[in-house]
Amino acid sequence: MMKIEEINVTAYTVPTDFPESDGTLCWGQTTLVLVQARSGDTIGLGYTYADLATAKIVRDSLAPVVVGLDAMSIPKAWQKMRAILRNQGCQGAGAMAVSAVDNALWDLKARLCGLSLVELLGACRKSLPIYGSGGFTSYTDDQLRKQFEQWRDEGITRFKMKVGREPERDRHRVRVARETIGPEAELFVDANSAYGRKQALDAMECFSLECDVRWMEQPLPPADRAGMRWLRERGPASMEIADGEYGYDPAYFREMIEAEAVDVVMADATRCCGISGLLKIAALCEAAQLPLSTHCAPLLHLHPGCALPPLRHAEYFHDHIRIERLFFQGFPKVTDSALAPDLSAPGIGVSFNSEIAERFRQNF
Ligand SMILES: [Mg+2]
């Protein structure tokens, strides 16, 4: 038996390049919690973007129940981690801690098998379509233009921007974005729950009519599933409603799907109890005939994204691209608005640049 011998957790906080905000939050830094799972000389990498409290949960609660288990039996580790969090709660930070460990275990298993992760999971496509995601509400028109132009020049054909902080200014900002990317590119907006129901309906009609926006993400607080369904029934037929980034376990997604709240399910393997959780959510989407789109952490979703039939595309998120390109050697280049996994490298195909990361390291 190849045992999981060690779970090592570290955390790194990286400042953003400019102040950032969306419809409901402002931020100036991002923390990556990295888990390295070791069996013999082989180390698997997994991570989440979360508060330092998540790293403590990994160290104090999860590592003790995972060390000693069979590295081939990820479902066993997944069950044990979720069980030990019963009293603390397995949502939020708990689920993000499980995610970081679970993701490391998948990379470890693939490396131990001498396979790329997508080969271990079973591929259904060669590359993962992506969309550029940024367009923060804190940006000037010039910053917005520059960011989208850079992605356009890299060959990206889908773009997402934040809306909802200053609704009167959004009409203008969305027009600036459309003019920058041209009439053929796909344009998405994300309100991060900034709207009320009727306000959201107004915004959807306006963005659709004036700028051919095809995707409205999280118009309402995620708990207002009836409101999301109300919007789906009344909004422009060419505009899809997407949500799911705050889903921390498969049950959340079952309820969201049953409520007919979304046209596209979004899920994040750094939150939904890891790649193991994502596989279950993909099965729910397949059964419900709904497309799936992954949220943030593009590197982590690359291999699973090429193995999940209902997957449509992945979010190529500005903050996370910066961190993942800096910290992980082997992050692939964008080709035809997609990322292709390197099948010749084991696991997720990257190594961790610990020397570069060191200056961002946090104590916990
Ligand atoms: Mg979002």
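## The second largest pocket

About 320 Å³ of space lies in the second largest pocket, where a pocket is an open set of points on a 1 Å grid over the protein atoms alone, with protein on both sides within 12 Å along at least five of seven lines, and a volume is the space filled by probe spheres set on the points. This is a predicted model, in which local features need pLDDT of at least 70 and side-chain atom pairs count only at pLDDT 80 or more, whereas totals for chains, interfaces and linings use all residues. Residues are numbered from 1 along each chain as its sequence is written, and side-chain values use heavy atoms, with hydrogens and water left out.

The second largest pocket is lined by 15 residues, of which Asp17, Gln147, Gln150, Trp151 and His318 are the closest to its centre; a lining residue has an atom within 4 Å of a point. Helix 5 gives the most to this lining, with six residues, and strand 1 (6-21), helix 5 (141-153) and helix 12 each supply at least two; helices (H or I, at least four residues) and strands (E, at least two) are DSSP runs numbered from the N terminus. By class, the lining of the second largest pocket has five nonpolar, four polar and six charged residues, with Ala, Val, Leu, Ile, Met, Phe, Trp, Tyr, Cys and Pro counted as nonpolar, Asp, Glu, Lys and Arg as charged, and the others, Gly among them, as polar.

## The largest pocket

The largest pocket has a volume of about 620 Å³, and among the 27 residues that line it, Leu25, Trp27, Thr30, Arg271 and His320 are the closest to its centre. Two or more lining residues come from each of strand 2 (26-39), strand 11 (311-317) and helix 12 (318-327), with strand 2 giving the most, four residues.

Domain 1 (6-114 + 352-362) and domain 2 (119-349) both give residues to the lining of the largest pocket, so this pocket lies between them; the domain bounds come from an automatic or database domain assignment.

## Aromatic pairs and charges over rings

The structure holds 16 aromatic pairs, counted for rings of Phe, Tyr and Trp (its six-membered ring) with centres within 6.5 Å, where planes under 30 degrees apart are stacked, over 60 edge-to-face and the rest tilted. The rings of tryptophan 27 and phenylalanine 136 have centres 5.6 Å apart and planes at 90°, so this pair is edge-to-face. Tryptophan 27 lies in strand 2 and phenylalanine 136 in the loop between strand 4 (128-134) and helix 5, so the pair ties together parts that are 109 residues apart in sequence. Tryptophan 27 is partly exposed, with a relative accessible area of 21%, whereas phenylalanine 136 is buried at 1% (buried means under 20%, exposed over 50% and partly exposed in between, with a 1.4 Å probe and protein chains only).

Tyr12, Tyr47, Tyr49, Phe327, Phe328, Phe352 and Phe360 form one aromatic cluster. Elsewhere, arginine 225 lies over the face of tyrosine 252 at 4.9 Å from the ring centre, and the charged end of lysine 280 sits over the ring of tryptophan 78, 4.6 Å from its centre; such a contact requires NZ of Lys or CZ of Arg within 6 Å of the ring centre and within 35 degrees of the ring normal.

## The cavity

A search of the whole structure finds one cavity of 30 Å³ or more, a cavity being a set of points where a 1.4 Å probe fits but cannot get out. The largest cavity holds about 40 Å³ of space, and its lining includes Leu299, His303, Asp342 and Val350.
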